Amino acid sequence: MPIRVVLAEDNYLVREGVARLLEREPDLEIAATCDDYDSLLAAVEEHDPDVVLTDIRMPPTGTDEGIRAAEAIREAHPEIGVVVLSQYAEPAYTLGFLERGSERRAYLLKERVSDLDQLRRAIVAVHEGGSVIDPKVVDGLVASRARAAESPVARLTPRERDVLAEMAQGKNNAGIAASLVLTERAVEKHINSMFAKLGLSEETDVHRRVKAVLLYLGEGKT
């Protein structure tokens, strides 16, 4: 059965354009479209989607409706995945979105909308319980943390940062190895070294590791 998606975007042209793109995918189905916070929550209750794809800023305030909607959805329907689209690579937005966990959550920059394959992968990933974080957002988090005095992130090698960025996209070790043209054994070595430097315990699933790294980078603690 196709993944049922509720799409929330206040810009009519963007909303219709994204809807038409997604409708071309045989494994995706647009259950409803809406243009503000209240209509999004109403659509979730009415259509019981598998995934919500939402802008981060919508009426009524045009600030953080997407993040607040994601939190409300987590409380009422924890099984629903949420993909947030944002123009902003601000760490505060990302960390607020992931504060209570990265499972079934994806944060992409709006510029990725034109990359249908990446958008589709994010929808599928959150539907399956995973998480995806835009690489540019990860770069911003790393840079922000690295600027802090005596930050352990500053001790990461360039390759370890590459691995961190790939990990934040929800990739497993095999996927990271393929992307960076490394062996899986080399990837495991980089991950072990990275987590040792950051003082983070090893985790068996990717989205928990992503959560731990993002929280550490944003708050300066494990």
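A polar contact, as I use the term here, is a pair of N or O atoms within 3.5 Å, where within protein one must be able to donate a hydrogen and the other to accept it. I kept that beside me while looking through this model, which is predicted.

**Entry 1: Lys110**

I started with the side chain of Lys110 and found a polar contact of 3.2 Å to the side chain of Asp55. Where does Lys110 lie? I traced Lys110 to the loop between strand S5 (105–109) and helix H5 (116–127). Setting aside residues up to four places away in sequence, I listed what Lys110 touches: Glu9, Asp55, Leu85, Ser86 and Gln87. I then checked Gln87 on that list; its C-alpha atom is 5.4 Å from that of Lys110, although the two are 23 residues apart along the chain.

**Entry 2: Glu9**

Next I followed Lys110 to Glu9, where a polar contact of 3.0 Å joins the two side chains. Glu9 sits in the loop between strand S1 (3–8) and helix H1 (12–23). I noted Glu9 as buried, because its relative accessibility is 4% and the cut-off for buried is under 20%. Apart from neighbours within four places in sequence, Glu9 is in contact with Val14, Arg15, Cys34, Asp35, Asp55, Met58 and Lys110. I was pleased to see Asp55 come up again, as Asp55 is also touched by Lys110.

**Entry 3: H2 with H3**

I turned to helix pairs. At what angle do the axes of H2 and H3 cross? For H2 (residues 37–47) and H3 (residues 65–76) I have roughly 25°, with the axes coming within 10 Å. That makes H2 roughly parallel to H3, because angles under 35 degrees count that way. The crossing is right-handed. From H2, the contact uses Tyr37, Leu40, Leu41, Val44 and Glu45, and from H3 it uses Glu65, Arg68, Ala69, Ala72, Ile73 and Ala76. I sorted these residues into 8 nonpolar, no polar and 3 charged.

**Entry 4: H7 with H8**

My last pair was H7 (residues 158–168) and H8 (residues 173–180), which pack at an angle of about 125° with their axes 10 Å apart. That makes H7 oblique to H8. I logged this crossing as right-handed. Here Arg159, Asp162, Val163, Glu166 and Met167 of H7 meet Ile176, Ser179 and Leu180 of H8. By class I have 4 nonpolar, 1 polar and 3 charged residues in the contact of H7 with H8.

Conventions
Residues numbered from 1 in each chain as written. Predicted model: local features only at pLDDT ≥ 70, side-chain atom pairs only at ≥ 80, totals over all residues. Heavy atoms only, no water. Axes fitted to C-alpha atoms, helices over the stretch in contact; angles between N-to-C directions. Helix = DSSP H or I, 4+ residues; strand = E, 2+ residues; numbered from the N terminus. Parallel < 35°, antiparallel > 145°, perpendicular 65-115°, else oblique. Left-handed = near helix turned anticlockwise from the far one by under 90°. Contact = heavy atoms within 4.5 Å. Nonpolar A, V, L, I, M, F, W, Y, C, P; charged D, E, K, R; others polar. Buried < 20%, exposed > 50% of the residue type's maximum accessible area, 1.4 Å probe, protein only.
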